[in-house]
Amino acid sequence: MEPIIEIKNLTKLYGNGRGIEDINLDIFPGDIFGFLGPNGAGKTTAMKIMTGLIRPERGDVKILGYSVTEDYEKAMEKVGCLIEIAESYTYLTAFDNLKQLARYYPDVDHKRIDEVLELTGMSKYKNEKPKKFSLGMKQRLGLAAAILSRPKVVILDEPLNGLDVEGMIDIRKMIHRLAEKEQTTFFISSHLIHDVELTCNRIGVIYNGKILNVDSTQTILNNYATLENYFVSEVERNGRVSSCAR
Amino acid sequence: MAVFQAALVNEIEKLYKKKKALVAVLLSLAVIVLGQLVIVGVRSGFGLRGAGSLEFPMLVLSVVVNTVLPLFTALVAIDSFSGEFSHNSMRITLTRPVSRFKIYTAKITAIVIFILATLLLLLVFSMLVGFIFNTNSATLDSIVRTLFSYIVSLFPMIVLALGIVLLANLFKSGISVFFVSILIFIVLKVLGVVFSQYSSLFMTTQLDWYNLFLVNSFPLGKIVRQFLIMLGSGIMLFTAGLYLFDKKEF
């Protein structure tokens, strides 16, 4: 099967030594890929490169066969994303915020905007401005923006930030529904291990800017009691290797 | 092209909905009212003529191109770039299927449309006020020259906007950009006076280049030279700004 996202030798190191080094990953159609790693492991850096917000020092990311660094418009044509905090224009209503984005996609009309607002539970706030929204509401609006264009690939960095339990369940259901009904591929980073376990069908662990392991959730749960145990074991194993090397 | 159009419509909508641009236009119009009040005061107080119906728009132009118009252009340009950098809202557009070149060009085109709209509004209102309150001095030739003066004033304002956009991509804070822009503006004005033989090279002197079109002997050579200087500096500023914008990490 052809990968829908191809990450090859991706490297980006910052002055403080943090960043990512030589990351290789293939994400396949239908994957709900969970990107797990402690704070500062390089998750956001990788996702920012994938969405063109920063440039890599080396390597490349191809989405649907198009290079993000060389053919950005084509690569992002069928991609929706939410990176770090869901940003919105505070002087525009929720509806107008989505209308701004809709202009980039010929197939997205006002009906679709209403549809995604309904899907994310934001319909009743469509005429309100985000400056009065809670973090959870902003996050829901960000998710609405990410799925607006019926993308084939959705990249979400900490999508459950600020959401209450009900919100988390709603969003998880929405992800599963989109993956099932519209064959949307998800690339999700989260520090909420339990949620990744419930949401994702493949998981990659990143630590100190390097990918430690990639496996299916099913295989991991066959070998470990919980995803948390697997994560701790992978990180500790890498920690031991690093300390032995020193 | 459709993607660029979408980006441009978005930028214009943002300008309009933020209301800052609207306030800028209204304040520019207030200059006309203030100017007319001064002229009425001079006329009734000292018995002087002040300005004729078509001299009034030129008087307004000479004041605004050196004061409020550069100021509001700076505010709109800074808001469009530094404002979005600091609020992280630039990411909203950057993560859509549109290249940075198109976003950058759409933003600048929106600023140019703002300047042009302000100039045309100033022209219409100052002409109306001029015709209503002042003695009639209008001839077809003077109407054409007035119209032309307002339109050509757009070019140096574009160069100025491109300079401010470059600074907005160079400095992190919008306030720094604003103060550095004012400082450079004042320094260039002073240099234009001190080194008057080289003044045509300075951006601030070019703001008054519409005067060249009012001279009876139509100095074509001088006009072409000034235009080429503006074109050259405009291209350099656009390219330098684009380079920085393209390299920026968000």
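Reply: A residue is buried if its relative accessible area is under 20%, exposed if over 50% and partly exposed in between, with a 1.4 Å probe and protein chains only. By this criterion A:Arg172 and A:Asp195 are both buried. The model is predicted, so local features need pLDDT of at least 70 and side-chain atom pairs count only at pLDDT 80 or more, whereas totals for chains, interfaces and linings use all residues. Residues are numbered from 1 along each chain as its sequence is written, chains are lettered from A and ligands numbered from 1 in the order in which they are written, and side-chain values use heavy atoms, without hydrogens and water.

Me: What makes the contact between A:Arg172 and A:Asp195 a salt bridge?

Reply: The term requires a side-chain nitrogen of Lys or Arg within 4 Å of a carboxyl oxygen of Asp or Glu. For A:Arg172 and A:Asp195 the N to O value is 2.6 Å, and the pair is therefore a salt bridge. It links distant parts of the chain, with A:Arg172 in helix 6 (residues 165-181) and A:Asp195 in helix 7 (residues 193-199) of chain A, 23 residues apart. Helices here are DSSP runs of H or I with at least four residues, numbered from the N terminus.

Me: What makes B:Lys107 lie over the face of B:Phe81?

Reply: A charge sits over a ring if NZ of Lys or CZ of Arg is within 6 Å of the ring centre and within 35 degrees of the ring normal. B:Lys107 is 5.7 Å from the ring centre of B:Phe81 and is assigned to its face. B:Lys248 lies likewise over the face of B:Phe85, at 4.8 Å.

Me: Why is the pair of B:Phe81 and B:Phe85 called edge-to-face?

Reply: Rings of Phe, Tyr and Trp (its six-membered ring) pair if their centres lie within 6.5 Å; planes under 30 degrees apart count as stacked, over 60 as edge-to-face and the rest as tilted. B:Phe81 and B:Phe85 are 6.3 Å apart centre to centre, with 65° between the planes, so the pair is edge-to-face. Being four residues apart in helix 4 of chain B, the two are separated by about one helical turn. The rings of B:Trp209 and B:Phe213, with centres 5.1 Å apart and planes at 90°, are therefore edge-to-face as well.

Me: How do you know that the lining of the largest pocket has no charged residues?

Reply: Ala, Val, Leu, Ile, Met, Phe, Trp, Tyr, Cys and Pro count as nonpolar, Asp, Glu, Lys and Arg as charged, and the others, Gly among them, as polar. Under this scheme the lining divides into 19 nonpolar, seven polar and no charged residues.
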